[in-house]
Amino acid sequence: GDSTVFPLSGRYTGSFYVTADANNKTKVAEKDVILKFSKNSEGYHNVEGKGSNYYGKYTITGTLDKEGVITIFRNFQAPKVKASKKSAAAAQVTVSTPEPGPLNGAASSASISSAATGPNLVSLDDVRAPLAGSGPVPVLDPPRDYAAVMRGILKIEADGSHTCTGNWAVTNDHFQSGLTSKYHFGIEGHRAADDAKDMLQRLKESGANSDDDRELKGVTGDGVTPMTLANTTFPIDSSLYKGTFKLRKGATKTQTIMDKQISMKFVKNDAGSYNVYGRGVNEFGEFNLVGTLIIQGKANGLMQVYRIYEQPPQPVVVQPASKKSGKVFPGGMTEKAGNSGPVPAMKPAERFTPSMSGLQRRESSGRSLKLPPRLEEDDPQAVMDRLMDQCRQILKELRVKDLHSIFAAPVDPVALNIPNYLEVITEPMDLGTIENRMNANV
């Protein structure tokens, strides 16, 4: 376009931060922003436009004064839902942001208010789990009766959200045969940060933090996205997890089932991993979760969880797919399981034809089944963390063998009176320097 034209109408991009407190900021990207500037009778410009972000679609009105200061108002529109006249009337609500002051680049003072969410369907208190502070607990054995088993990788995303993507099957035998389908669940970054703060406080008050330290050390950000407790705490107990899973009906049809809410607690076990306890709700009713999380690196782990419905689910009627679908934000909690990015290296799910009748199955063997050792191979960060853990174990064994600490620190040519040491040993190295570099990710 012509760089001499000002202001220039067209498509814009940008972002802003939502701040809960001094140490908790979440970056929100603006998408599909279109601005139109029209000269008004007062000699400056009116601003009209539209855009979208994490909170939804909105229209824009405002002004651009003679000094180049822009003041805009976002008017969020509630999504239109085809329903009864009564519910349709209730859905026609406009949510507006409070009137902001002048916007100055990234330091925008505009804040966003969204429609209040309803009360939680299940809370952490509804989760049946051992009390914190009682020390590590025995590793959970697989339940005899369950509706489904889920395996995936739980990890921290760059924006602080915690997500788990993987496959589910009706039985463990089905996993071995490749009769699986996709699932995905997680929690948004800003919610994870709030719940991490509350959880760490509970662990500290109960004294459980001595055995269960969930604060990650040495975590560095990308220099753009603000670091919060969501980026440096893993795993996080929360009642705000939610997600989706695919249910195949017949040879070609599938239906996406939404887990409206999942409350989940992680309890350290005597094997150094975590037992998983949870409770959730979807259209089939309430269910309990039990399983295991095996930590693989600083911020990820392999997860196997069994789902147990209190009442056997009823058969589902498949509705025709809608011609229109809402935007899916990659990595976001509204992302459907089938489009959730890289997944663990498992067998294809095309042959999976589960029926909702008789979902409650009995495990054919009472033996404890471990998670597949190569489940994380499609996650480069998980692979790197696993390799680094192996290197640290080797380094630890080498230091134990170095009984007199001969290789523990760099050689001091002056103190040892060997002035030509660096001429002979051109690339000196020692175990202490190796450890420091590994800890600094150098």
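**Salt bridges**

Modeller: Arg307 and Asp259 are both buried, where buried means under 20% relative accessible area, exposed over 50%, and partly exposed in between (1.4 Å probe, protein chains only). This is a predicted model, in which local features need pLDDT of at least 70, side-chain atom pairs count only at pLDDT 80 or more, and totals for chains, interfaces and linings use all residues. Residues are numbered from 1 along each chain as its sequence is written, and side-chain values use heavy atoms, with hydrogens and water left out.

Arg307 and Asp259 form a salt bridge (a side-chain nitrogen of Lys or Arg within 4 Å of a carboxyl oxygen of Asp or Glu), with their closest N and O atoms 2.8 Å apart. Arg307 belongs to strand β15 (residues 300–309) and Asp259 to strand β12 (residues 253–268), so the pair ties together parts 48 residues apart in sequence. Helices (H or I, at least four residues) and strands (E, at least two) are DSSP runs, numbered from the N terminus.

By the distance rule there are ten salt bridges. Another one joins Arg214 to Asp237, with 3.0 Å between the closest N and O atoms. Arg214 sits in the loop between α3 and α4 (229–232), and Asp237 in the loop between α4 and β11, so this pair ties together parts 23 residues apart in sequence. Arg214 is buried at 1% relative accessibility, and Asp237 is buried at 9%.

Lys242 and Glu188 also meet in a salt bridge, at 3.5 Å from N to O. Lys242 is in strand β11 (residues 238–249) and Glu188 in the loop between β10 (181–187) and α3 (189–206), 54 residues apart. Here Lys242 is partly exposed at 29% relative accessibility, whereas Glu188 is buried at 7%. Glu188 and Lys242 are linked with Arg191 in a network of salt bridges.
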